[in-house]
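Welcome! Have a look at it first, and then we will go through two topics together.

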Amino acid sequence: MPKGTALPPPEETVAAPRQPDISVDLMKQMTKRLSADDFEGRAPSTAVEPKVLDYIIAQFKAAGLQPGNDGKWLQPVPTVEITASNATPLQVGGPAAMMKFDFGNDYVAASYRVTSHTKVEDSELVFVGYGINAPELGWNDYAGVDMHGKTAVILVNDPDYASETEDGLFKGRRMTYYGRWTYKFEEAARQGATAALIVHDTFPAAYGWNVVNSSWTGAQYYVQTPDDGADQTKANGWIQKPVAQAILQAAGKNLAALTEAAKHKGFKPVPLGLKASLGFDNAIRKSTSNNVVGVLPGKTRPDEYVLYSGHWDHLGHCTPDDTGDDICNGAVDNATGIAALAAIAKANVEAGPADRSQVFLAVTLEESGLLGSEFYAANPIYPLDHTVGGVNMDALMPSPRSRSHSMTGGDKSDLTAVFREALADEGLGEVPEDHSERGYYYRSDHFSFAKRGVPMFDVGRSTDLVEGGKAAGDKISEDYTTNHYHAPSDEYSDDWNWDGIAEDVGLYYRLGRTLADSDMWPNWHESDEFRAIRDKACAAATGGCHK
C-alpha cells in the first residue's frame, strides 16, 4: 500500500480471524509462577534474572515458538545505573542578586551522561515555553535561538492542556507526545542545550512534587550508548513552580504572562539575562539484562512482522509492608502480561502460521523507563520499516467481563478501524480513554516503537463491568491502584476472576492476527506526531511498507 493511502475497512482486506480458545489455565499457571516469592520480584540484572528467563523461554518453546534472535532466545540489553550524590544548590544570579535553591525541596536533577561528576556553570537561562519543535504543526519554541551553552526553562505538558475538550492544535486536554517530560529533555538535547529544567505544576503534570522528588533521587537507569550519552544535555531536572516564579521575577518577567504567551503559535524564546549553576557527583554501575524474543514465521510474507510485547521485570525487593514482606511480586504488573504473551503465542501456533511473521517480545527494564523496549526499537532484530504494527500488554486486571474497551491515546492511526471492527464483532462498546490528559499512551513499552513510526495498539478494558457495572469496576481499579500497585501485596490469588483478562487476551489475539493475515500497512493520521517518522521510514524502505 502506498504511504498515505487510507486503510480499507478490515472486512475488505482480510476475513476476521477465527477466535481461538485462549488457555486461561496456562495464564493462571504462569502468573502464579512468575509472581512466586522465589522469583524475588523479577528485578533485572540480579541473581534471579536467569531463572526468570529460563522459565519464560521454556513457556515460549512449549507454545511452539522459535528463538527469535538469529537462533537465540535472548537479546542482551546493556544498561547503566547512575546515582547522584553531593548535589549543590541550584544557584541563579544576575545583575540584581544571587538566589540559591535546595536540591530535593526546590529542584531535582540528574545526568544522562556517563561521567563521574556533573557541573553546569554560569549557563544562561532561556525560557522556551513548552519546549516544542513540531514542524508538522508549524510550531517551534526554539525559533531563532542558539541553545549551546544555555539552560532551557520549560513548561510541563503542552499548550492545550487546560482545554475541556480534545479540540485544538495539540488535541486539547489529551496529552500529546510533545507534552511528555521525556520529549522535552530529548528536544533540549537536539537543540544543543547544556541543561534543561521543567517547571513543575501539579495539575498539568498530573502528579505532585513528591512524585518528582522520589523519582529523580536515587539510582537512575539508562540504556548504554556508544558515546556514553555525550549527545545529551549535561543535566536534566525539574524546579518547583514558586522557584520558577522567583527566577522570572528576578529577570523582570512574569511566569503567568509568559505561560499565556507560550500557548499561542509564533511564541519566541525569551532570554532571561540570568545564569544558572549546579553540580553533583555520579556513582556509575554498568550491567546487562535481557529481552526474550520468540518468533512464529509467516507462511507467505515472512519478512513482514507483527509484534506482541509485554515486560517481564518488576521491582524486586522493595519497602516492607506491615508484615515485613519486602518482595514486590508484580502479579498483575506484569506477570499477567507475560502469561498473555505465551497464551497468544500458543493460540497462534494452534491456528497455524499467519501470512506475516509474528514476533513475541518479553522485554526487560520497563519499570526503569521502558529500557528493554527502547533498546530493541533502537537495535531492532526485525527492521522497523518491515514491522506492520503491534499489540502491547501491561497489567491485566482480574475482574468480571466488561461491556466496553477504549483505545489508549485516542484515534491516532488506521489501527482504530481494526479496533472498532473487532469490538463490533465481539459485541463490545467503545468508550473514551479515562484521564486522557495524563498521557498514558507514552508510558508503556509500545511507545518505544510508536515514537519510531510503528503503529501500536494499547487498548484498555473499561470499568463498566457486566457484573456490577461501573461502580464495581471503579472499586476494583481504585483498590488495586491504592493498595497493591508497586507494593508487596500485588500477589497472585486463586480467587481471582479471570473473565475480564480472558476477554482482553481474546481481543489482543484478534487485533494482532488481523494485521498478520492482512496486506494492510497502517499509518498514523496526517496530524499525528509520528506520521512524518513513518512516512520517512517507508519512503526509504526496500520492500516492507514501501510498496
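How many bridges join β19 to strand β20, and do they run parallel or antiparallel? The two strands run parallel, and 2 bridges join them. Please keep in mind that this is a predicted model.

- Strand β19 spans residues 404-407 and is covered on both faces.
- S404 and S406 are buried on one side of β19, while H405 and M407 are buried on the other.
- On the β20 side (residues 429-430), S404 stands opposite G429.
- To get from β19 to β20, the chain passes through helix α11 (residues 415-426), making a right-handed β-α-β crossover.
- β19 also pairs with strand β22 (residues 459-461), this time in the antiparallel sense and over 3 bridges.
- Within β22, V459 is the bridge partner of M407.

**The disulfides**

- You will find 2 disulfides in the structure.
- One of them joins C318 and C328, whose sulfur atoms lie 2.1 Å apart.
- The torsion about the S-S bond of C318 and C328 is about 95°, so this disulfide is right-handed.
- C318 sits in the loop between β15 (316-317) and β16 (327-328), whereas C328 belongs to strand β16, and the two are 10 residues apart.
- C328 has a relative accessible area of 0% and is buried.
- C538 and C545 form a disulfide too, with their sulfur atoms 2.1 Å apart.
- Here the S-S torsion is about -115°, so the disulfide of C538 and C545 is left-handed.
- C538 is buried at 5% relative accessibility, and C545 is buried at 2%.
- With the bonded cysteines numbered in sequence order, the pairing reads 1-2, 3-4.

Key: Residues numbered from 1 in each chain as written. Predicted model: local features only at pLDDT ≥ 70, side-chain atom pairs only at ≥ 80, totals over all residues. Heavy atoms only, no water. Buried < 20%, exposed > 50% of the residue type's maximum accessible area, 1.4 Å probe, protein only. Helix = DSSP H or I, 4+ residues; strand = E, 2+ residues; numbered from the N terminus. Pairing = 2+ DSSP bridges. Right-handed = clockwise from strand over helix to strand, strands pointing away. Disulfide = S-S within 2.5 Å.
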